[in-house]
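Dear colleague,

I am handing over the structure that we spoke of, and my notes on it follow below. Please read them with the model open beside you.

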Amino acid sequence: MKKLGMFFIAMMMACVCVSAQKYTKSTVKGIANGFISTLMEGNLKGTLGFFDPSYVAEQHDDFLEGRTEQFVAEFLCGNIKKGYYDMTPELSRIKSMKVKKTCCNPEKDEYYADVQIVMDYGVKYMVRLEMRVIESGDLRFIGAVG
């Protein structure tokens, strides 16, 4: 019986390790690029599927009362000129978005994509799109609440 118990514990630990290791920098980049494509196609409702459902429920549904455009714009808020002031984009004025750097560190539960946003009037800025592994095991965006 002890051997069977040890076997199950070993299997559970192996499953946890495999799920923690399944995300790579290319996975993070792919998720960020999927979000960018969905946004640039004008599918705001579709972008909600890239976020942690509990974050959407608290921030989008409750706090912002379902205002998707504001939710996404505030998520894409970033600093211009290394923190001199914040930029919250008007989504229809985004000319392009490009992933510049990704991080995948499962040991620290740290996943993000640094994205450069270029506005149609020439302003460029960077935003960090942070992610986490949610209860289902999927990697989704998270952001500030309140």
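Which residues form one aromatic cluster? The members are Phe35, Phe50, Phe51, Tyr55, Phe71, Phe75 and Phe141.

Before the details, a word on the basis: this is a predicted model, in which local features need pLDDT of at least 70 and side-chain atom pairs count only at pLDDT 80 or more, while totals for chains, interfaces and linings use all residues. Residues are numbered from 1 along each chain as its sequence is written, and side-chain values use heavy atoms, with hydrogens and water left out.

The protein has five helices and six strands, where helices (H or I, at least four residues) and strands (E, at least two) are DSSP runs numbered from the N terminus. Along the sequence their pattern reads α-α-α-α-α-β-β-β-β-β-β. Of the 146 residues in the protein, 36% are buried, buried being under 20% relative accessible area, exposed over 50% and partly exposed in between (1.4 Å probe, protein chains only). Among the contacts (heavy atoms within 4.5 Å) with a separation of 6 or more, 48% are between residues 24 or more positions apart.

To return to the rings, those of Phe, Tyr and Trp (its six-membered ring) pair if their centres lie within 6.5 Å, with planes under 30 degrees apart counted as stacked, over 60 as edge-to-face and the rest as tilted. By this rule there are 11 aromatic pairs. One of them is the edge-to-face pair of Phe35 and Phe141, at 5.1 Å centre to centre and with 75° between the planes. Because Phe35 lies in helix 2 (residues 25–40) and Phe141 in strand 6 (residues 139–141), this pair ties together parts that are 106 residues apart in sequence. Both Phe35 and Phe141 are buried.

Two further residues touch members of this pair. Asp52, in the loop between helix 3 and helix 4, is buried with a relative accessible area of 5%, and its C-alpha atom is separated by 5.7 Å from that of Phe141, 89 residues away along the chain. Leaving aside residues up to four places away in sequence, Asp52 touches Arg132, Ile134, Arg140, Phe141 and Ile142. Thr47, found in helix 3 (residues 44–47), is buried with a relative accessible area of 0%, and, with the exclusion of residues up to four places away in sequence, Thr47 touches Phe35, Thr38, Leu39 and Val72.

Glu58, by contrast, is partly exposed, with a relative accessible area of 43%, and has its place in helix 4. The C-alpha atoms of Glu58 and Val145 are separated by 7.5 Å, although these residues are 87 residues apart along the chain.

Finally, the largest pocket holds about 260 Å³ of space; here a pocket is an open set of points on a 1 Å grid over the protein atoms alone, where a 1.4 Å probe fits, with protein on both sides within 12 Å along at least five of seven lines, and lining residues have an atom within 4 Å of a point. Its lining comprises 12 residues, of which Tyr55, Glu74, Phe75, Gly143 and Ala144 lie nearest the centre. Helix 4 (53–63), helix 5 (68–75) and strand 5 (124–133) are the elements that give two or more residues to this lining, and helix 5 gives the most, with three residues.

With best wishes

Methods. Points joined across faces, edges and corners; volume = space filled by probe spheres on them.
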